[in-house]
Amino acid sequence: MKHGIHFFEHSVLTTAIQDFTAVIKEDPSNAQARLYRGRAYAKQQQYRKAIEDLAAAVHLDPSCWLAFYYRGCILRQIDPKRAVQDFSVSVLINDTQENFCSFLHRGIVYSEQCQWSLAISDFESVLALDSSVIFAYLNIGLILLLHLDQYYEAIRWFTNAIEIDPLNVQAYVCRAQAYRKIHNLPNAVKDINRAIHLYPNKSQLCILRGQYLMELKKYELASLCIHQLAEMDEEFFTSQPVQQALIQSFCQNHDKAIECLREATAIQPEPSMLVILGKIQMKAKKTKDAVRSFKKAMKLLMTTAKLLPNTFEAAEIYYLTGLCHMEQKSLLRAHDAFSMAIRLHSSYPDAFYQRGLCRMRLRQAKCIRDFNRALALCPSHFQAYMSRAAYYESKSRYSKAILNCNEAIKILPNSVQAYFYRGTLKYQNKTFKAAIEDLSKTIDLDKTCILAYYNRAVCYQQIKDFRKALKDYGILLLLELSQEIAFKVLINRGLLYVELGDYANACEDFKEATLLSPDDSQIFQAIGICCHRLHEFEEAVRSFDQVLKLNPVSVDAYVGRGNSYMENGHEAGYKQAQKDFLRAIHLNPKCIKARICLGYNLQALGKLQRAWSQFTVAICIDPKCHAAYDGRASVCLQVGETFAAFQDTNAALKLTTTAPLLTNRGVINQLMGYLPCAMKDYQQAISVDPNYVLAYFNAANVYFHNRQFSQAYCYYSRVLELDPRNESAVLNRAITNTLLNNIEEAKEDFEKAICLCPFSAAVYFNRANFYNGLKQYELAEKDISTALSIQPNDALMYKFRADIRGKLGFNKEALEDYKQAISIQEHIDSM
């Protein structure tokens, strides 16, 4: 027996078995011989004979805890239930430190059976017997980490293991994973760094560190880790070409990665390796090569019946092939590949999603079914919600599209794409304020999102918040924009300036836009309009000339240029304008704008009958054109057809109610002697447009005529608030102040009138009358003389100066003025 134990302990197992067999022959009831021979058989992996001997040992000596323990170890893999029974009997017989391994192995079996609480209890029993068993600490920690989600408790157990063995790499790695679970990534990185310090050549540790750094958004450090891995030359890479290829691919060394995998697949072609090769070829934009790799993988997977197995691996190959066809714009092939993937694996959400995209691009309504199916299989499929939103948008069902974006945002609360898209949908749904909120959130998440600024500016423009719109357009022009976006921003901001009446800035934006698109006639048209509004008529003509060079049949350009010629105020300009209006009518006989402009042109040239005809033709073309009625009314008024003018103005007012039209009717009523009706029209015009100057001025004149000087004074003052350079209003208020005996105010108003109109005889005449009333005859004589120097053939003014000179005692000069007044009047009467 001693001879056999000696050889057993020195691993000379065959001799030991022979010795134990001899003992058993002599003494079949020797339990110890059975135990040792069973252990020897187990070491030789003769498990059946080992179990027989250990069972005999247990039968011969039921208190032999070692026999139960070793039999449990053998049965652990093939019969876990009996193994647990043997370990349990073993610890019942001997629960001391000597037998802690039974607790340990039973804990392992319980772990494999997912009986976590029983496993933890056994590992704790091990530690109670021997607190230095690192394996027990690690197992408890792993159960808490991986299965019970008790991360903080797991960290405590891994920490205990590290305190006992500070050089245990596994403990550091496990604790790092636990720290990651509680989002304590800095500590996770520290633990991985300690593990790398202990084992600097372990590639897997470097990969973990790179992963954690990526999650910390320390992309440069993470990239450095992967690049270090790519440069490492160790057995790990030679034995694992897939890992090496993945690392090289991450470093954008796609050619190296492809070469590595091609060599590996040439030696040992495996479907999984070919699939990885195809994925890397897809990254390298070599989709045709990728398709070939996937086809090879399919051939390897095919059964003897030339059929692919219904597995996810086979489905994924078709899915990836479909992606390649999508990249190649072969939508029908892609559709078929995704359909095949779904046939092989019916619960493949990404395949349903991609097939839905194919169908949407092929304009097939069935795409919505695929998106719905993808979401049924994977309710957190962000892109499926976004694509479904795009589908509903294409059908103008904006509310449903917005609901899908809401679901997408629930999945990714900080998605720039989702907030931006929801903002654009709300814009299309005309809920501009809600759109602004989403676009502002997009900008908060990504300060350089150009399209978010652009769309928010458009929304601000829609709600008339022009200051904020201009601010967003300004920010956009400070960013690096594509030529297309910069062009749109300049055009939009220019149009916004036009809406604000800031034609100078609008003109500058349009001019800058011409540098980006020099052949766009519409921009030169806009520049011409702005220059016309800025009274830069020659510049306007040049802009319209450029439009006509680019587009010789542009009716609007001829009309615009004609209007600019008209503003020159001389006959040659009127005739040139007439030619342009006639060209516009020749190009489009139904162009009402051209006919109205021609009508006003003919009126200015005194050709009233022809002007009347043009306005009438415009009315025949469009009986609802109020501008044509208004133009014809002005001609009628000029030829003395007051009632006809009144009828046309009423016809225009039936079509639209504007302050100018009401004021025009008021003027006609005033000419017809219906002053109350005229005043009613002026007051209505003021209610329609409280800033319309002419209505206030005409109303003030009516009050003045009715000797209601206080009311006239108020209205003239309102005119000057709105138009401080209105010389007629200043003069009339000066006269009104004179009649109201507001001497100082009258003096101030006459001074202003002379500043505004230094060559107006009427101003000097009225101030002379004012000074005459104050008996300041010297000042009156001076002003009337100035008036006569400006307008020398006025009999009334000579008579007035004669009266003043008589009061001053200048009788001789007065007599000459009377004679001059009589001479002028006799000449006028004789004509």
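Why does Leu774 count as partly exposed? Leu774 counts as partly exposed because its relative accessibility is 29%, where buried means under 20% relative accessible area, exposed means over 50%, and partly exposed lies in between (1.4 Å probe, protein chains only). Leu774 sits in the loop between α46 (761-773) and α47 (777-790), and its C-alpha atom is separated by 9.8 Å from that of Thr738, 36 residues apart along the chain.

This is a predicted model, in which local features need pLDDT of at least 70 and side-chain atom pairs count only at pLDDT 80 or more, while totals for chains, interfaces and linings use all residues. Residues are numbered from 1 along each chain as its sequence is written, and side-chain values use heavy atoms, with hydrogens and water left out.

## The chain as a whole

The secondary structure of the chain comes to 49 helices and zero strands; helices (H or I, at least four residues) and strands (E, at least two) are DSSP runs, numbered from the N terminus. Of the 831 residues of the chain, 49% count as buried. The chain exposes about 43,000 Å², of which carbon and sulfur atoms supply 52%, with accessible areas taken from the Shrake-Rupley method with a 1.4 Å probe and, for residues, only the protein chains shown counting as cover. Among contacts (heavy atoms within 4.5 Å) in the chain between residues at least 6 apart in sequence, 44% join residues at least 24 apart.

## Nonpolar cores

In soluble globular proteins, nonpolar side chains tend to be buried together. A nonpolar core is here a set of buried Ala, Val, Leu, Ile, Met, Phe, Trp, Tyr and Cys residues joined through side-chain atoms within 4.5 Å. The largest nonpolar core has 120 residues, and of these Tyr473 and Phe510 touch the most other members. Helix α42 (residues 693-705) supplies the largest share of this core, eight residues. A second, separate core of 53 residues includes Leu277, Ala315, Cys358 and Tyr421.

Leaving aside neighbours within four places in sequence, Tyr473 is in contact with Tyr454, Ala457, Val458, Gln461, Val489, Asn492, Arg493 and Leu496. Ala457, one of these partners, is also eleven residues apart in sequence from Lys468, at 7.1 Å in space, C-alpha to C-alpha. Lys468 lies in helix α29 (residues 466-478), and it counts as partly exposed because its relative accessibility is 33%.

| Residue | Helix | Relative accessible area |
|---|---|---|
| Asn669 | α40 (residues 659-671) | 5% |
| Thr321 | α20 (residues 312-327) | 7% |
| Ala408 | α25 (residues 398-411) | 0% |

Apart from neighbours within four places in sequence, Asn669 is in contact with Phe646, Tyr674, Cys677, Ala678 and Asp681. With the neighbours within four places again left aside, Thr321 is in contact with Val291, Phe294, Met298 and Ala337, and Ala408 with Phe382, Tyr385, Met386 and Ala418. Ala408 and His381 are 27 residues apart in sequence and 8.0 Å apart in space, C-alpha to C-alpha.

## The largest pocket

Rolling a probe the size of a water molecule over the atoms shows where empty space is left. On a 1 Å grid over the protein atoms alone, a pocket is an open set of points where a 1.4 Å probe fits, with protein on both sides within 12 Å along at least five of seven lines, and lining residues have an atom within 4 Å of a point. About 260 Å³ of space lies in the largest pocket, a volume being the space filled by probe spheres set on the grid points, which are joined across faces, edges and corners.

The lining of this pocket consists of Gln525, Gly528, Ile529, His532, Arg533, Phe544, Asp556, Val559, Gly560, Asn563 and Lys593. The elements that give two or more residues to the lining are α32 (521-533) and α34 (555-566), and α32 gives the most, with five residues. The lining residues divide into three nonpolar, five polar and three charged, where Ala, Val, Leu, Ile, Met, Phe, Trp, Tyr, Cys and Pro count as nonpolar, Asp, Glu, Lys and Arg as charged, and the others, Gly among them, as polar.

## Positive phi in loops

Most residues other than glycine have a negative phi. Arg363, although not a glycine, has a positive phi of about 60°; Arg363 is found in the loop between α22 (349-361) and α23 (367-377) and counts as exposed, at 79% relative accessibility. Asn741, also not a glycine, has a positive phi of about 65°; Asn741 lies in the loop between α44 (727-739) and α45 (743-756) and counts as exposed, at 57% relative accessibility.
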